Amino acid sequence: QAGPAPAVTAHVGPAPMAGIPLGEPPGPVRVLSRLILGTDHLGKVPEAQAIAVLDEAVRLGITAFDTAPIYADDIERRLGRWLQARRRDDLAVITKGGFPWDRGPGTYDSRLRGDAAQIAANVGEELRGSRVSYATPITVYLMHRDDADFRDFARVERPQTPALTIFQALSAPALAAHYQLLGVSNWTTERVAEARQAARAHPGTRPPVCNSPYFSLLEMGAVTLHSGGVQVTHADMMRRDFQPGVRLMTYSPLGGFSIVRPGWEAARARALALKAGRDRYWRNVHDALFHAANAARYARAIAFLQRFNRDHGTAYTLDQLLNAYVLAHPRTDFVVIGPRTVDQLRRTVAAQALAAQLTPGDLEFLY
């Protein structure tokens, strides 16, 4: 198997960064940068390095930052301190709630089960904990999972809480005071539509304005990366009418650059070791991503990249191509990125230029 393309370390200047409106009049509307900086992996690096990445992101035109109270090393509170120190009203924070209670490896109990009062109490505990990190209301508050329970990573069969009940709970004044916009993460197309229809039919119920699903050239197989994970597919994202009414804010396994950095076989071996060791967080990566269809996509990506760089006199890297693949789809609104270093951040921002050159035929070939 071919290894990853060589890294590009050249400095890049501020790139034009598209601003996309999020929200629905007469409610609040915020314009966010198309690339959103995810912070989970920044919790795993030294403080000075994390701050350098955050500062460089702003210099490159990124104005939105994705975090969560369960992310590594208290990164949500650290991000809040950084935002307050910068004193800029154009920077947006996206954080999350609705996490199921973790009862042990692969065993989770939903916070979104019960009536509206129970859900408001469960989510309110999380929301108030997040809110203290920020000087102003949270820009976008995502329900990071839908209502579901799991036992040893297997979903428990039971009726789901109606989306109307969940969004009426989230719209209660005691909760709505802490955020500007509501969204969801890892919700299926059917449940997103249910939530929006319910909000339209019940005045005073806040609708979800965005969904954050998994989307990558490396498509999940029968097993998901984590319990309750939901992906969208290449065919979905080629349709401009897919999931109408919401912005799509996709994420992928490129966050820590761990998938592509060592090459396919080395990455697969590491994922297999994590599975054998029953790693609490990463144990499903091998079965979710390292299957035959993705191996073929990886090989096509290597071949495509070598040919593209030769024909265009460029030196794009594999991680840049995988980010460009997501960005180039007609239905992609935002992409949550997760670099750990300034160099990785600059490469990701530079991938926008590659995305602009990818044709629908290129996307079909890669997939």
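Helices (H or I, at least four residues) and strands (E, at least two) are DSSP runs, numbered from the N terminus. The model on screen is predicted: local features need pLDDT of at least 70, side-chain atom pairs count only at pLDDT 80 or more, and totals for chains, interfaces and linings use all residues. Residues are numbered from 1 along each chain as its sequence is written, and side-chain values use heavy atoms, with hydrogens and water left out.

**Stop 1: the second largest pocket**

Select L83, R88, D89, L91 and T136, which are the closest to the centre of the second largest pocket among its 17 lining residues. A pocket is an open set of points on a 1 Å grid over the protein atoms alone, where a 1.4 Å probe fits, with protein on both sides within 12 Å along at least five of seven lines; lining residues have an atom within 4 Å of a point. The space in this pocket is about 300 Å³, a volume being the space filled by probe spheres set on the points, which are joined across faces, edges and corners.

Next, colour α2 (75-86) and β5 (92-97), each of which supplies at least two residues of the lining. The most comes from α2, with three residues. By class, the lining has seven nonpolar, six polar and four charged residues; Ala, Val, Leu, Ile, Met, Phe, Trp, Tyr, Cys and Pro count as nonpolar, Asp, Glu, Lys and Arg as charged, and the others, Gly among them, as polar.

**Stop 2**

Move to R87, in the loop between α2 and β5. Phi of R87 is near 50°, a positive value in a residue other than glycine. Most residues other than glycine have a negative phi.

**Stop 3: α1 against α2**

Display α1 (residues 47-59) with α2: their axes come within 11 Å and cross at roughly 50°. Axes are lines fitted to C-alpha atoms, for helices over the stretch in contact, and angles run from 0 to 180 degrees between N-to-C directions. On the α1 side, select E47, A50, I51, L54, D55 and V58, which meet R78, L79, W82 and R86 in α2; contact means heavy atoms within 4.5 Å. This contact comprises six nonpolar, no polar and four charged residues.

**Stop 4: α4 against α6**

Select α4 (residues 163-170) and α6 (residues 189-201), which pack at an angle of about 60° with axes 8 Å apart. A163, L164, I166 and F167 of α4 make the contact with R191, E194, A195 and A198 of α6.

**Stop 5: a cis peptide bond**

Finish at P25 and P26, joined by a cis peptide bond with omega about 10°. P26 is placed in the loop between β1 (19-23) and β2 (29-33).
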